[in-house]
Amino acid sequence: MAQADHAVVIGGGIGGLTAAAALHRRGRRVTVLERAPSLEPVGAAISLAPNALRALDVIGLGDEIRDLAAWTGDGGLRTPSGRWLSRSSADAAAERFGGPLVLLHRATLIERLAALLPPGTVRTDAAATLLDSGDHDRPARVTTADGELEADVVVGADGVRSAVRPALFPTHPGPVYAGFTTWRVVIPVPGAEFASHETWGRGRIWGTHPLKDGRVYAYAAAVTPAGGRAPDDERAELLRRFGDWHDPIPAVLAAARPEDVLRHDVHHIAEPLPAFHRGRVALVGDAAHAMPPTLGQGGNQAIEDAIVLAHHCEDLPAYSADRLPRTTSIARQAVRVARLNLMTGHVGAAVRDTVVAALSKAGPALFLRSFDGIADWRPPQPPYASEQTPAGNGQRSTPGEGRLHRTR
């Protein structure tokens, strides 16, 4: 028989661990099944916007992550020669959306999330298969090498190549290639001092950002056929594609070793799912709505999903109704941005750069407006760290309270 209030989470990434922490906080016994031998994530850094930080407030982690913010002052958008197309201000963004943008290593976030769970919650090297999605009268069932588990809710957080998703929606076409590949690296770069920036070329982009721990996070993307690999190594491939771009890009490439560079083709779910749940099973993150990384919202939306799912864990149709329209809209916007910043034609790229520069001169707030309705999202249950209730009013304090956010 199913144990009451037992939740099984398939996948120990950011979305899965956030869901586990949120469900545990609501009093459920949680089991996390991660097929990899450890929780060490495949990836480099992640950008957390104010919407995700407010979601993390719900599980008491928001302020700890905010303190890792490294972007201060101005940054912006550049051309490969180094010319600034637009400038952006961390202070202006924080003022508009009620919080900072935080860039941190994925391993740091995974470690902080896992620490919120009781010992023994996470089982690594534990591949899982959904046997039965359950319904109102029977539990969902999941099988592992160690036996079968029953649960009143199962969370499919197993990524873009999810095995849970096709079990729920076998006729859905699944993810498709987005048309470009990405490279990522997190390394120390001796003597590097620079403003956080992204650079747009023709069919190529590069981003360089400082981390709180003193390392540099750099990423690149290029339009290329799926499945490609460098004939020698990926650092050499980056040198060929970006070695003559502006500083500090050559310094980053000089500091990187071939083994430091990660390369992954980008896949996304172009056709939205009909729902994010079936029976007693719900999908979160890339399993539900994988999107291009061009808005930096993939992980943020997974965190939002997890918090909203815990809020609606007794009513999964309400979870689908809440999350499907929002994530579909954001995923489509990410596709549009990818088409813009990865334009391959000379004329189109020149027009793009001219328009971006003109809009920047007209007012930097024009660019921030593209994140209206995204970065200003709030979880379904207040209060949040950025909107405090004065002490002494008789209301219960929650983690993240105790100080007004400095930008509000």
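## Overall make-up

Of the contacts in the protein with a separation of 6 or more, 72% are between residues 24 or more positions apart, a contact being heavy atoms within 4.5 Å. The model is predicted: local features need pLDDT of at least 70 and side-chain atom pairs count only at pLDDT 80 or more, while totals for chains, interfaces and linings use all residues. Residues are numbered from 1 along each chain as its sequence is written, and side-chain values use heavy atoms, with hydrogens and water left out.

The protein has 13 helices and 18 strands; these are DSSP runs numbered from the N terminus, with at least four residues for helices (H or I) and at least two for strands (E). Of its 408 residues, 52% are buried (buried is under 20% relative accessible area, exposed over 50%, partly exposed in between; 1.4 Å probe, protein chains only). The accessible surface is about 17700 Å², and carbon and sulfur atoms hold 52% of that surface; the areas come from the Shrake-Rupley method with a 1.4 Å probe, and for residues only the protein chains shown count as cover.

## Confidence

The average pLDDT is 89, and 90% of the residues score at least 70; pLDDT is the predictor's confidence in each residue, from 0 to 100. Residues 386–408 have a pLDDT below 50, and this stretch has 37 contacts in the model beyond near neighbours in sequence.

Strand E4 (residues 74–78) has four of its five residues buried. E4 pairs with strand E5 (residues 84–89) in the antiparallel sense over five bridges, where a pair of strands requires at least two bridges found by DSSP. E4 also runs parallel to strand E13 (residues 197–200), joined by three bridges. Leu 77 is placed opposite Ser 86 in E5 and has Glu 198 as its bridge partner in E13. The hairpin of E4 and E5 has five residues between the strands, and Gly 82 in this hairpin takes a positive phi near 105°.

His 246 lies in the loop between helix H7 (234–242) and helix H8 (249–255). His 246 counts as buried because its relative accessibility is 6%. Beyond its neighbours within four places in sequence, His 246 contacts Arg 78, Thr 79, Pro 80, Ser 81, Gly 82, His 197 and Thr 199.

## The sheet E8-E9-E10

Three strands form an open sheet in the order E8-E9-E10, with antiparallel pairing. Strand E8 (128–132) and strand E10 (147–151) are the edge strands, each pairing on one side only. E8 pairs with strand E9 (residues 140–144) over four bridges, and Leu 130 is opposite Val 142 in E9.

## Salt bridges

The count is 20 salt bridges, each a side-chain nitrogen of Lys or Arg within 4 Å of a carboxyl oxygen of Asp or Glu. Asp 132 pairs with Arg 138, with the closest N and O atoms 2.7 Å apart. Asp 132 is buried at 14% relative accessibility, whereas Arg 138 is partly exposed at 35%.

In helix H3 (residues 62–66), Asp 63 and Arg 66 are three residues apart, about one turn of the helix. Their salt bridge has its closest N and O atoms 3.0 Å apart. Asp 63 is buried at 14% relative accessibility, and Arg 66 is buried at 3%.

Glu 237 and Arg 241 form a salt bridge at 2.7 Å, N to O. They are about one helical turn apart because four residues separate them in helix H7. Both Glu 237 and Arg 241 are buried. Salt bridges with shared partners join Asp 232, Glu 237, Arg 240 and Arg 241 into one network.
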